[in-house]
Amino acid sequence: RSFRKDEEAVLTSGKMSIIEQHIGHGDGYSGWISTLKVPLLDWQGTAHALLTHNRDISELKRLRDAHEVTARRLDDALTYMADGLVVFDPDGRLLLCNQQYRAMFPKTAHLRVPGARIDEILRASIETGEHVMPPGGETESWIERTRDGLRHDGENDIELSDGRSLHARIRRGSEGTSLVVISDVTAQRQAARAMAEMNRQLKELAG
């Protein structure tokens, strides 16, 4: 009845359709088929017959479902990470990132999306005053150095104009991709500075 209902819908519309259908046989076999249904029209444009072609996609369906489960798990992992994560392709184009990464850069969060180039992101970050340029730094040369830095494993610090300090760890992935994990180390840096100042004052008192 289910198969017949699909066929009647194609005959009524007079348009080709490709649908996925679950099948079960008496021997216990259960699987999925991709079915092409094409109405055959007479000279008046009326459907008088139906051509169908079935292809077993059970394994494809299994792999697709497994991929969706993996994708959901990855999405959950990215969502609940404390750190920001971003992946760039060999040309410096953003492939994926989590929400924490975008939240770390509120002034340019709208630009930090799949497809954006690292050059565009960094230039906007400077123009909006979000990023603190290194002393004596020149924007384009700094952008070039930062982009080239994605081609090698390494670490660097990021200072933002709102006083936050971030630490980025870069790791080269397969096929030339670059995975960057960014941590907010503001509290640690503030604590280190406070400790250094305390030690300095103690030395003065003891001296």
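L63 is found in helix α2, which spans residues 58-79; helices (H or I, at least four residues) and strands (E, at least two) are DSSP runs, numbered from the N terminus. The model is predicted, so that local features need pLDDT of at least 70 and side-chain atom pairs count only at pLDDT 80 or more, while totals for chains, interfaces and linings use all residues. Residues are numbered from 1 along each chain as its sequence is written, and side-chain values use heavy atoms, with hydrogens and water left out.

L63 has a relative accessible area of 46% and is therefore partly exposed, the class between buried (under 20%) and exposed (over 50%), with a 1.4 Å probe and protein chains only. Between the C-alpha atoms of L63 and P39 there are 31 Å in space and 24 residues in sequence.

M195 belongs to helix α6, residues 186-206. Its relative accessible area of 46% makes M195 partly exposed. Together with M198, L202 and L205, M195 forms a nonpolar patch on the surface, with about 450 Å² of accessible area in total. The areas come from the Shrake-Rupley method with a 1.4 Å probe, and for residues only the protein chains shown count as cover.

L166 lies in strand β7, residues 165-172, and counts as buried because its relative accessibility is 0%. Beyond its neighbours within four places in sequence, L166 is in contact (heavy atoms within 4.5 Å) with residues including M104, F105, I158 and V185.

Key: Patches are made of residues with over 30% relative accessible area and no salt bridge: like charges are joined within 9 Å, nonpolar side chains (Val, Leu, Ile, Met, Phe, Trp, Tyr) within 5 Å. A salt bridge is a side-chain nitrogen of Lys or Arg within 4 Å of a carboxyl oxygen of Asp or Glu.
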